Each structure stands twice: as structure tokens, then as C-alpha cells.
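Let us read a protein structure together, one feature at a time.

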Amino acid sequence: MSRVYNFSAGPAVLPEEVLKEAADEMMDYKGSGMSVMEMSHRSKVYDDIIKTAEKDLRDLMNIPDNYKVLFLQGGASQQFAMIPMNLMKNKVADYIVTGQWAKKAWQEASKFGKANKIASSEDKTFSYIPDCSDLPISDDADYVYICENNTIYGTKYKELPNTKGKTLVADVSSCFLSEPVDVSKYGIIYGGVQKNIGPAGVVIVIIREDLITEDVLPGTPTMLQYKTHADAESLYNTPPAYGIYICGKVFQWLKKMGGLEAMKQKNEEKAKILYDFLDSSKLFKGTVVPKDRSLMNVPFVTGDADMDAKFVKEASAAGFVNLKGHRTVGGMRASIYNAMPKEGVEKLVEFMKKFEEENA
């Protein structure tokens with residue numbers, strides 16, 4: 001069986017050369033006589049793996065020295081609670097709700113204090129990003145929270161909100177490492193890795209050091225305090241060791257590909273191929289306001305649920321898998337992360353053209 005073109009939103013496509021390298025090292029990692037899966041996280045060999053991964057990520061993103069990189073578990077969803085538990089000193093935070101994950105984060109934060117929904121795009125099924133240039137930021141807000149790229153709805157902030165001096169916290173799960181970012185604009189930038197970086201089970205948190213304190217909400221479990229993990233360099237307990245190893249390989253692959261500037265260019269080229277077709281198609285149409293379109297997740301519909309189902313079924317049979325849209329939007333969604341080759345997008349568009357001719 002040859003490999004398919006996997007358009008899944010996550011767990012998602014990984015670079016083939018990374019998978020091959022991991023396969024080669026599966027039984028014996030660099031002469032250690034064992035797999036990374038079997039290795040003690042306290043060993044010298046593993047210490048090199050996690051430290052190299054962190055160094056490569058710092059290089060790729062130009063992470064300033066006053067930020068810690070934490071490799072954690074619990075997925076992005078656990079951060080919905082961890083962030084307010086560690087940051088809500090005044091028990092107030094402002095949330096911009098541009099999709100299901102931002103909404104869940106806002107709901108979770110409401111358990112710990114006053115979570116204000118200061119802007120939302122729910123009125124139009126999250127198909128746009130609201131104007132965030134002059135929002136009613138609360139005077140006593142501990143932070144302002146966004147989900148930067150909305151996997152389900154295919155929107156992306158092209159400009160960060162004006163937080164009026166308040167700390168910005170961003171979930172970047174589905175746009176992580178897809179383009180250069182200025183880390184210094186954020187207090188916390190975090191994401192689950194299973195979309196653009198590695199296998200499910202790891203969440204990377206990049207956090208400014210002044211936000212790591214012992215002053216957390218009463219009752220915050222030890223495992224949910226950033227200080228616990230920062231002090232122990234992500235080794236307080238057994239980390240998701242194999243997942244971190246694969247992430248490290250992806251970081252090296254990205255460096256080899258030319259870094260984040262080069263990735264941005266590649267991602268823009270890929271997205272343009274698909275969006276240009278959607279804009280010219282009579283059968284398919286994109287669901288997002290053009291100026292807010294994501295480079296990573298491209299939702300589209302035919303306007304007819306039966307036709308959508310037929311398309312997904314025939315596409316899958318032709319080797320284009322996981323194109324069914326999220327249940328809250330319907331239709332289709334092509335996730336075209338870093339590891340999706342340009343050829344995959346070109347072939348998908350060819351298939352869509354053919355389908356359109358046959359079903360016009």
C-alpha cells in the first residue's frame with residue numbers, strides 16, 4: 001500500500017524523512033542498544049535528545065533568553081485550566097472567542113475567576129476574525145487570551161490584538177512553526193504538537209519567566225504549576241519521551257528546509273493553489289472571509305450535504321484522506337500543514353476539478 005495524502009487536522013501528516021529516520025533508529029538509537037521508547041528519561045542519552053530539541057526550537061523561533069520552553073502533557077486542553085490557575089492573580093482575564101477551542105478555554109477560565117468575552121465571531125459561525133485594534137480590555141485583566149489559528153473554522157489572526165499593555169496568551173496549536181513569530185509579543189505561546197510538529201501527547205509551552213511564580217491560585221495541583229516544570233527542566237515526572245524525540249527530529253527537518261521564513265513561503269504557495277481554485281470554482285466555495293484565511297486549515301463546501309458526502313467518499317477512494325469537515329461546520333476541510341507536500345495540494349485540486357466536471 002502506498003502512502004495516502006493525509007489532510008487530517010491532527011494527528012496529522014509528518015515529514016517522511018523523519019518517519020524513516022525514526023524507523024531506522026527504532027531498535028537501536030545511536031548505538032545505545034535500545035529504542036528511545038525504552039530509554040530512561042534520566043539517562044545521558046535522553047538528556048541530549050531533549051536538550052537538543054529545545055535548542056533547535058529556540059533557534060527556529062528566536063526565543064529570547066527570558067522565556068522558558070516546557071515540554072508538557074495533557075494536550076492544549078489542559079492549558080485551558082493551567083493558564084488561569086497560574087496567571088489569574090486578580091481573578092480577571094479577557095478572552096477573544098474566534099472558535100470552539102477559544103470558547104472552551106473561556107468556559108474553563110470562568111471556573112477560576114471572571115473571564116470576560118471581549119470579542120467574538122460566533123455570530124457568523126466563526127468565519128472571520130473580529131477587529132481587535134481597540135477592544136474593551138479590562139483595567140484589572142491578568143491577561144488577554146486568543147487562539148491564533150482556528151483549526152475547525154480555518155481563520156487566522158494576521159495581526160495580533162492590541163492588548164493595551166496586558167499580557168497576551170496564545171494557543172498556536174495549528175499554526176505552530178508555520179511562519180516566523182515574534183515571541184516577545186506574547187507572555188505565553190503554546191500548542192499541542194499533533195498538528196504541525198509531532199505525534200499526539202506533547203504540548204509545548206513557551207512562557208516568559210516573570211509569569212512563572214509560586215503565587216498561583218490556592219489548590220493548584222503541583223503538576224499544574226509552571227514553576228514545577230520550569231525548575232525541573234520538563235523532567236519533574238516522566239515526560240512524553242518518544243513524542244519529544246520526534247518533535248526534535250521535526251525541528252531539525254525544519255532547519256534543513258531553511259527555517260520558518262522558508263516554511264512561510266512554501267505554505268503561502270500551497271494555500272494559494274487551493275484558495276485560487278476555490279475562488280474560481282462553481283461547485284466548491286471557501287467558508288472564510290478572504291483576509292482572515294488560514295494557511296494551515298482550509299474549509300470548503302458545495303452547499304449540498306449529499307454532494308459533500310459523495311466528494312469525501314470519492315476523494316478518500318482516490319487517496320486523499322481525512323477531508324471531512326468538523327461536525328460543527330460540515331462540508332470539507334483540507335489541513336495542509338508543513339509536512340504536506342505542494343504536490344499533494346496540486347493533486348487534490350486536480351481531483352476537485354475532475355469531480356466538478358463530473359458533477360456539474
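Q: Where does Glu 233 lie?
A: Helices (H or I, at least four residues) and strands (E, at least two) are DSSP runs, numbered from the N terminus. Glu 233 is found in the loop between helix H5 (226–231) and helix H6 (241–256). The model is a predicted one, in which local features need pLDDT of at least 70 and side-chain atom pairs count only at pLDDT 80 or more, whereas totals for chains, interfaces and linings use all residues. Residues are numbered from 1 along each chain as its sequence is written, and side-chain values use heavy atoms, with hydrogens and water left out.

Q: Is Glu 233 buried or exposed, and what is its phi?
A: Buried means under 20% relative accessible area, exposed over 50%, and partly exposed in between (1.4 Å probe, protein chains only). With a relative accessible area of 54%, Glu 233 is exposed. Its phi is near 50°, a positive value in a residue other than glycine. Thr 125, in the loop between E4 and E5, also has a positive phi, near 45°.

Q: Which peptide bond is cis?
A: The bond that joins Gly 10 and Pro 11 is cis, with omega at about -10°. Pro 11 belongs to the loop between strand E1 (5–6) and helix H1 (16–24).

Q: In what order do the seven strands of the open sheet stand?
A: Two strands pair if DSSP finds at least two bridges between them. Here the order is E2-E10-E9-E8-E5-E3-E4, and the pairing is mixed. Strand E2 (67–72) and strand E4 (114–120) are at the edges with a single partner strand each, so one side of each has no neighbour in the sheet. From one strand to the next, the twist averages 20°. E3 and E4 run parallel and are joined by six bridges; Ala 93 has Ala 115 in E4 as its bridge partner.

Q: Which strands does helix H2 lie across?
A: Axes are lines fitted to C-alpha atoms, for helices over the stretch in contact, and angles run from 0 to 180 degrees between N-to-C directions. Contact means heavy atoms within 4.5 Å. Helix H2 (residues 44–61) lies across E2, strand E9 (188–192) and strand E10 (203–208), and runs at about 130° to E2.

Q: What is the order of the open sheet of three strands?
A: The order is E11-E12-E14, with antiparallel pairing. E11 and strand E14 (332–335) are the edge strands, each pairing on one side only. Four bridges connect E12 and E14 in the antiparallel sense, and Asn 297 is opposite Ser 335 in E14. Packed on this sheet is H7, which touches E11, E12 and E14 and whose direction makes about 20° with that of E12.

Q: How is a pair of aromatic rings described?
A: The description uses the distance of the centres and the angle of the planes. Rings of Phe, Tyr and Trp (its six-membered ring) pair if their centres lie within 6.5 Å; planes under 30 degrees apart count as stacked, over 60 as edge-to-face and the rest as tilted. The whole structure contains 15 aromatic pairs. One of them is stacked: Tyr 95 and Tyr 145, at 4.7 Å centre to centre with 20° between the planes. Tyr 95 lies in strand E3 (residues 92–97) and Tyr 145 in strand E5 (residues 144–147), so this pair ties together parts 50 residues apart in sequence. Tyr 95 is buried at a relative accessible area of 0%, and Tyr 145 is buried at 1%.

Q: Why is the pair of Phe 284 and Phe 355 tilted?
A: The pair is tilted because the planes stand at 40°, with the ring centres 6.1 Å apart. Phe 284 is in the loop between helix H7 (259–280) and strand E11 (285–286), while Phe 355 is in helix H9 (residues 342–359), 71 residues apart. Ring pairs link both into a cluster that includes Tyr 5, Phe 7 and Phe 277.

Q: Which side chain has a polar contact with that of Thr 302?
A: A polar contact is a pair of N or O atoms within 3.5 Å; within protein, one must be able to donate a hydrogen and the other to accept it, and residues adjacent in sequence count only if both atoms are side-chain atoms. The side chains of Thr 302 and Asp 308 are joined by such a contact of 2.6 Å. The Thr 302 side chain also reaches the backbone oxygen of Asp 304, at 3.1 Å.
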